[in-house]
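Subject: A structure for you to explore

Hello,

Here is the structure I promised to pass on to you. Please open it alongside this email, and then read on for what turned up in it.

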Amino acid sequence: MSTKAREIEDQSIDLTLRPSNWQEYIGQEKTKEGLNILIGAAKKRKETVDHILLYGPAGLGKTTLASLIAREMNTNLRITSGPAIEKAGDLASILSNLENNDVLFIDEAHRINRSIEEVLYPAMESRKLHLIIGKGPAARNFELDLPPFTLVAATTRVALLSNPLRSRFGVVFRLEFYEEEHIKQILARSAKLLRVKIDNEALVILARASRATPRIANRLLKRARDLAEMRNQSTINATVANETLKMLDIDAHGIEPQEKKLLETLIKKFNGGPAGLKALAASSNEEIDTIEEVYEPYLIRLGLLERTAQGRRATLLAYQYVNNEIQSLSLFDNKENI
C-alpha cells in the first residue's frame, strides 16, 4: 500500500474511531460537565451556545468536542484552521456562508493573523460582518448581518492568542492529559471498532507509550493491528505491542530517538547544562523550532528537562534515563509535571 493510500485509510479510520456521543467520549470529565451545562442552558433558552475556547496539547480531542457540540445542538459543523485563513476575505466568505445556529470550528486559532482578527471581533460580539469595498477615496464600508452562530476555537498555544480575541470567548476550557485507565478504555473501544482482539498486557504497553494522548494511542493501535495481521495473529499481545514500538522506533516510555539524542547531547557535551537553545540545536543538529515546539514539551512534562533563565538543564531523572536505570517512566507517573 502506498503512503498516500495509507494516509487516506488512516483518515477514514480516525473518523470511525471518533466518538459520536458524550457517552463514547472518554475522559475530560470537567470539560464535559461544563459543556453539558452550557449546552443544556442554551437549549432551554432556545439560544445558540456562547463562543468556546478549547486549549491544550494536540491530540486530546478538541475537534471531537466541537463535533459533539454541533451534534448536541442539532446543527452543522463548519471546520477551518488559522493557517487556512490567509486574508480577511477568506474569513468573510466563511462567516457569510454560515446558517442559523451553525458551529464554526477554527483549529490552530493562535495562527490567525492579527489583522484578520479584527473581522472576528464584531462577528463574535454583535453578529456583524464589516467589509471594506474598493480602495482609496472610493472605498466604502459595508455591514452584513450574520445569523446566530457559535465559534469554537482550538489552540495548543493559548498564550499566543491576542487578549482582545481571548476575552471575547464566553467560556474557556483546558484539556488535560489523560489518565492511564482512560487511555486503556479508549484503546479497548478502538480495538472493538477495528474488529481486532487485544489482551490487557498489550493495552498497558501501548497506553504507557501513548504520551497520555488518545490520538497517539490510536495510531499505535493501528500499527499493532497491521503487524498482527501480517503475522496471522488473531490477538494483539504483549509481543506484538513491543515489536510495534520497536518498528516505530519508540521506546517503552513513548520517547523518540531524537528526544533521547537531545538529552544525551545536553548531558555529554554540556555536562547536563545549563545550555543555550542555539548551542543545543547546533550540537544536536536540530532546528531550534523543532526542539522548542516538538521535543521539549514532552521531556519537560516527564521531568527529564528543565528550562531555566541560564538555559536548558538535564534533571537527575534524565541521567537515570540515559543510563538505562529507569524501568517505568511516563506522564502517568509524573503528574506533577503535567
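**A histidine to start with**

His-130 counts as partly exposed because its relative accessibility is 40%, and partly exposed covers the range between the buried cut-off of 20% and the exposed cut-off of 50%. Please keep in mind that this is a predicted model. You will find His-130 in strand β4, which spans residues 128-133. Leaving aside residues up to four places away in sequence, His-130 touches Pro-122, Phe-142 and Glu-143.

**The whole chain**

Now zoom out. The protein chain has 338 residues, and 47% of them count as buried. Its secondary structure comes to 14 helices and eleven strands. The accessible surface of the chain is about 17600 Å², with 47% of that belonging to carbon and sulfur atoms. Take the contacts in the chain with a separation of 6 or more: residues 24 or more positions apart account for 70% of them.

**A parallel sheet**

In what order do the five strands of the open sheet stand? The order is β2-β3-β6-β1-β7, and the pairing is parallel. The edges are taken by β2 (77-81) and β7 (171-174); each has a single partner strand, so one side of each is left without a neighbour in the sheet. On average, neighbouring strands of this sheet are turned by 20° against each other, ignoring direction. As background, strands of a sheet pair through backbone hydrogen bonds, in either a parallel or an antiparallel way.

On one side, β6 pairs with β1 (residues 52-55) in the parallel sense over four bridges. Within that pairing, Ile-52 has Val-152 as its bridge partner, and Leu-53 has Ala-153. Strand β3 (residues 102-107) also pairs with β6 in the parallel sense, over five bridges. There, Phe-105 stands opposite Val-152.

Are the residues of β6 buried or exposed? Seven of the seven residues in this strand, which runs over 149-155, are buried. In a regular strand, side chains alternate between the two faces of the sheet. For β6, both faces are covered: Phe-149, Leu-151, Ala-153 and Thr-155 lie on one side, Thr-150, Val-152 and Ala-154 lie on the other, and all are buried.

**Helices to look at**

Helix α2 (residues 29-45) lies across β1 and β7, and runs at about 160° to β7.

Next, look for helix α7 (residues 180-193) and helix α8 (residues 200-208), whose axes come within 9 Å and cross at roughly 120°. The crossing of α7 past α8 is right-handed. Which residues meet there? From α7 come Glu-180, Ile-183, Lys-184, Leu-187 and Ala-188, and from α8 come Asn-200, Leu-203, Val-204, Leu-206, Ala-207 and Arg-208. Sorted by class, this contact has seven nonpolar, one polar and three charged residues.

Enjoy turning the model around on your screen, and write back with any questions.

Best wishes

Note on methods: Residues numbered from 1 in each chain as written. Predicted model: local features only at pLDDT ≥ 70, side-chain atom pairs only at ≥ 80, totals over all residues. Heavy atoms only, no water. Buried < 20%, exposed > 50% of the residue type's maximum accessible area, 1.4 Å probe, protein only. Helix = DSSP H or I, 4+ residues; strand = E, 2+ residues; numbered from the N terminus. Pairing = 2+ DSSP bridges. Contact = heavy atoms within 4.5 Å. Areas by Shrake-Rupley, 256 points an atom, 1.4 Å probe, with all protein chains shown as cover. Axes fitted to C-alpha atoms, helices over the stretch in contact; angles between N-to-C directions. Left-handed = near helix turned anticlockwise from the far one by under 90°. Nonpolar A, V, L, I, M, F, W, Y, C, P; charged D, E, K, R; others polar.
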